[in-house]
Amino acid sequence: MTTNKACSDAVARVLADTYMLYMKAHNFHWNVEGPKFISLHAMFEEQYTDLAGAMDDLAERIRALGEYAPGTHAQFAALASVTETEGPLSAEDMLREMVKDYDTVCDTLKAGIELVDEQGDDVTSGMLADRLEYHQKQLWMMRALLK
């Protein structure tokens with residue numbers, strides 16, 4: 001596997017997790033109920049908006065590395081560690097689910113950073129590190145809401 005292919009594969013896994021998380025944040029935005037509705041509705045919108053922009057950046061990085069970005073739900077589902085959620089959830093369960101999934105994406109990002117660092121790809125490493133910082137901040141805020 002060439003350096004670019006190894007790096008693009010790592011980014012593709014992050015892209016897939018980001019897509020699955022985007023879908024979940026959008027679903028929760030639409031379906032959240034209860035006393036925390038206003039704050040969670042706004043938070044989920046902020047998240048899916050950020051994730052949408054991140055997907056574009058990640059896909060473009062894959063293209064810059066000379067590979068084709070995955071672009072179908074089936075491809076994303078096959079690559080992702082984040083899974084879909086079935087059935088309606090309470091607002092609190094939505095938050096717990098998002099915390100679990102943001103943790104999962106952090107793991108995917110850390111593995112990707114390690115791999116691209118080994119390959120000497122500083123640009124991809126920086127991009128993934130920026131995403132990791134975003135996800136860790138979201139985790140902090142969501143965990144604070146669960147207290």
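Tutor: A residue is called buried under 20% relative accessible area, exposed over 50%, and partly exposed in between. Please keep in mind that this is a predicted model.

Student: Then is Glu 92 buried, partly exposed or exposed?

Tutor: Glu 92 has a relative accessible area of 31%, so it is partly exposed.

Student: With which residue does Glu 92 form a salt bridge?

Tutor: Glu 92 pairs with Arg 96, and their closest N and O atoms are 3.1 Å apart. Arg 96 has 43% relative accessibility and therefore counts as partly exposed.

Student: Where do Arg 96 and Glu 92 lie?

Tutor: Both are in helix H4, four residues apart, which is about one turn of the helix. An α-helix has 3.6 residues a turn, so residues three or four places apart point the same way.

Student: And Lys 100, what does it pair with?

Tutor: Lys 100 forms a salt bridge with Glu 97, with 3.5 Å between the closest N and O atoms. These two also both lie in helix H4, three residues apart. Lys 100 counts as partly exposed because its relative accessibility is 41%, whereas Glu 97, at 15%, counts as buried.

Student: Which residues make up the network of salt bridges?

Tutor: The network links Lys 24, Glu 97, Lys 100 and Asp 101.

Student: How many salt bridges does a search of the whole structure find?

Tutor: The search finds eleven salt bridges. One of them joins the side chains of Asp 50 and Arg 131, at 2.7 Å from N to O. That pair links distant parts of the chain, since Asp 50 is in helix H2 and Arg 131 is in helix H5, 81 residues apart.

Student: Are Asp 50 and Arg 131 buried or partly exposed?

Tutor: Asp 50 has 26% relative accessibility and so counts as partly exposed. Arg 131, at 12%, counts as buried.

Student: Back to H4 for a moment. What distance does it reach from its first C-alpha to its last?

Tutor: H4 has 28 residues and reaches 41 Å between those two atoms, close to the 40 Å expected at 1.5 Å a residue. The helix is followed by Gly 120, whose phi is positive, near 75°.

Student: What is Leu 128 in contact with, neighbours within four places in sequence aside?

Tutor: Leu 128 is in contact with Val 14, Leu 58, Leu 109, Gly 112, Ile 113 and Val 116.

Student: What lies 2.8 Å from a polar atom of the His 29 side chain?

Tutor: The backbone oxygen of His 41 lies at that distance. Leaving aside neighbours within four places in sequence, His 29 is in contact with His 41, Phe 44, Glu 45 and Tyr 48.

Methods
Residues numbered from 1 in each chain as written. Predicted model: local features only at pLDDT ≥ 70, side-chain atom pairs only at ≥ 80, totals over all residues. Heavy atoms only, no water. Polar contact = N/O pair within 3.5 Å; in protein donor to acceptor, adjacent residues only side chain to side chain. Contact = heavy atoms within 4.5 Å. Salt bridge = Lys/Arg side-chain N within 4 Å of Asp/Glu carboxyl O. Buried < 20%, exposed > 50% of the residue type's maximum accessible area, 1.4 Å probe, protein only. Expected span 1.5 Å × (residues − 1).
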